[in-house]
Amino acid sequence: MPKEAHVNILDGCDESRDLDSIALGRICIDINPVDFYKKWGDCETFKKYVGGSPANTAVGMARLGKKVGFIGCVSDDQLGDFCLDVFRSEGIDTSSIVRARHGESLGLAFTEILSETESRLVMYRDHVADLQLEMSDISAKYISRAKILIVSGTALAARPSREAALKALELAKQTNTVIVFDIDYRPYTWKSVEEVSLYYAIAARYAQIIMGSREEFDLTDGVADSQRSDDSIADFWFKEQAQVVIIKHGSAGSHAFVCDGRSYLVKPFPVRVVKSFGGGDGYSSAFLSGLLDGLTIPECLELGSASAAYSVSSHGISTDMCTMSTLRTFITEKKARHGEVVSLLRS
């Protein structure tokens, strides 16, 4: 692994803050087939999980020993109770999770796992609770308790959640809270590509760390150009507030860029893949936990790659997030067999 100096992103953070991170956005229910590698209609047994990218990331960071809070809205029924119970069992602070005020339901994601590389989702996202988060639910006092705020792009898809997320970004800026923008594009709920690009660009301009797939960055920039390099995308956002830009390429790995000119290629750890989704949430939770622990960027990227591999090799996402000791053992064993996964491209 490349030996590098420690990154300075969290320098200046008030160490007295009692939360390492607060995630904002989607909490839903994932329903995965237990008898997978079949068409959905041929499956007979299913298992439920708390889902949604920010929820998965929050659970992942809690499993890695971080003190985590959450800002969100859940349904005022048994499904909402289930989500809150899971969060509390993981030690996640739920004091800023509100209940839907007008009977909105929790979002549901029915997954179809056809093969190791092919999965599909059927989403129920009309009148969902997570998009009912209101500006009055956002507190500067709560945000100022955390070292970092993680905002999911899905929270920007509709009102009133959109305005609530933008308020949170502004308050994080005012309270010197490091902002992470996880682009997290889901086509449902959005009305147009132009709308996506507008609000994603607004959010990305607040962020010190931006994470997403190449397709998500193209949407954020409003430019879908296969000839454009990842370097040029990163350089564009470095001219704003960004200090770290991570561009994911699925099974091909990811590119990570730091504003001081360093860039890295991050390869996936070889595993037997069970499903093709969930890796990004594992990646985010471990990478950010590494930063909070004061690790170097290559060390953080290694953790992220390991957690992503662990996620895609398991049936669930949130319930199968692992501890730091499990990740360390996984990394040691895999590197002994396959070598390094992080390489320096540019310094």
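Is Tyr37 buried, partly exposed or exposed? In this predicted model, in which local features need pLDDT of at least 70, side-chain atom pairs count only at pLDDT 80 or more, and totals for chains, interfaces and linings use all residues, Tyr37 has a relative accessible area of 29% and is partly exposed. Under the cut-offs applied here, buried means under 20% relative accessible area, exposed means over 50%, and partly exposed lies in between, with a 1.4 Å probe and protein chains only. Residues are numbered from 1 along each chain as its sequence is written, and side-chain values use heavy atoms, with hydrogens and water left out.

Tyr37 is situated in the loop between strand 2 (28–33) and strand 3 (46–51), where helices (H or I, at least four residues) and strands (E, at least two) are DSSP runs numbered from the N terminus. The phi angle of Tyr37 is near 65°, a positive value in a residue other than glycine. A positive phi in a residue other than glycine is also found at His127, where the angle is near 55°. His127 belongs to the loop between strand 7 and helix 3, and with a relative accessibility of 67% His127 counts as exposed.

The loop between strand 7 (119–124) and helix 3 (140–143) also holds Ser136, which is exposed at a relative accessible area of 61%. Although Ser136 and Ala164 are 28 residues apart in sequence, their C-alpha atoms are 7.7 Å apart in space. Another exposed residue is Asn176, with a relative accessible area of 59%, and Asn176 is placed in the loop between helix 4 (161–174) and strand 9 (178–182). The C-alpha atoms of Asn176 and Asp14 are separated by 8.8 Å, while the two residues are 162 residues apart along the chain.

The loop between strand 8 (146–152) and helix 4 contains Pro160, which is joined to Arg159 by a cis peptide bond with omega of about 5°. Leu156 lies in the loop between strand 8 and helix 4 as well, and at 0% relative accessibility Leu156 counts as buried. When residues up to four places away in sequence are not counted, Leu156 touches Arg162, Ala165, Leu166, Phe181, Trp190, Tyr199, Tyr200 and Ala203, contact being defined as heavy atoms within 4.5 Å. Leu156 and Ser96, which are 60 residues apart along the chain, have C-alpha atoms separated by 18 Å.

Two packed helices are described by the angle between their axes and the distance between the axes. Axes are lines fitted to C-alpha atoms, for helices over the stretch in contact, and angles run from 0 to 180 degrees between N-to-C directions. The axes of helix 8 (residues 279–292) and helix 9 (residues 297–312) come within 7 Å and cross at roughly 150°. Helix 8 is therefore roughly antiparallel to helix 9, given that angles under 35 degrees count as roughly parallel, over 145 as roughly antiparallel, 65 to 115 as roughly perpendicular and the rest as oblique. On the side of helix 8, the residues in this contact include Gly279, Tyr283 and Phe287, and on the side of helix 9 they include Ile297, Leu301 and Val312. By class, the contact of helix 8 with helix 9 comprises ten nonpolar, eight polar and no charged residues, where Ala, Val, Leu, Ile, Met, Phe, Trp, Tyr, Cys and Pro count as nonpolar, Asp, Glu, Lys and Arg as charged, and the others, Gly among them, as polar.

Helix 8 also meets helix 1 (residues 53–63), the axes coming within 8 Å and crossing at roughly 45°, and helix 1 and helix 8 are therefore oblique to each other. This contact is made by Ser53, Asn56, Thr57, Gly60 and Met61 of helix 1 and by Asp281, Ser284, Ser285, Leu288, Ser289 and Leu292 of helix 8. The residues of the contact of helix 1 with helix 8 divide into three nonpolar, seven polar and one charged.

The structure holds zero disulfides, a disulfide being a pair of cysteine sulfur atoms within 2.5 Å. The sulfur of Cys83, a residue that counts as buried at 2% relative accessibility, is 7.8 Å from the closest cysteine sulfur, in Cys28, which is too far for a bond. Cys259 counts as partly exposed at 43% relative accessibility, and its sulfur is 14 Å from the closest cysteine sulfur, in Cys300, again too far for a bond.
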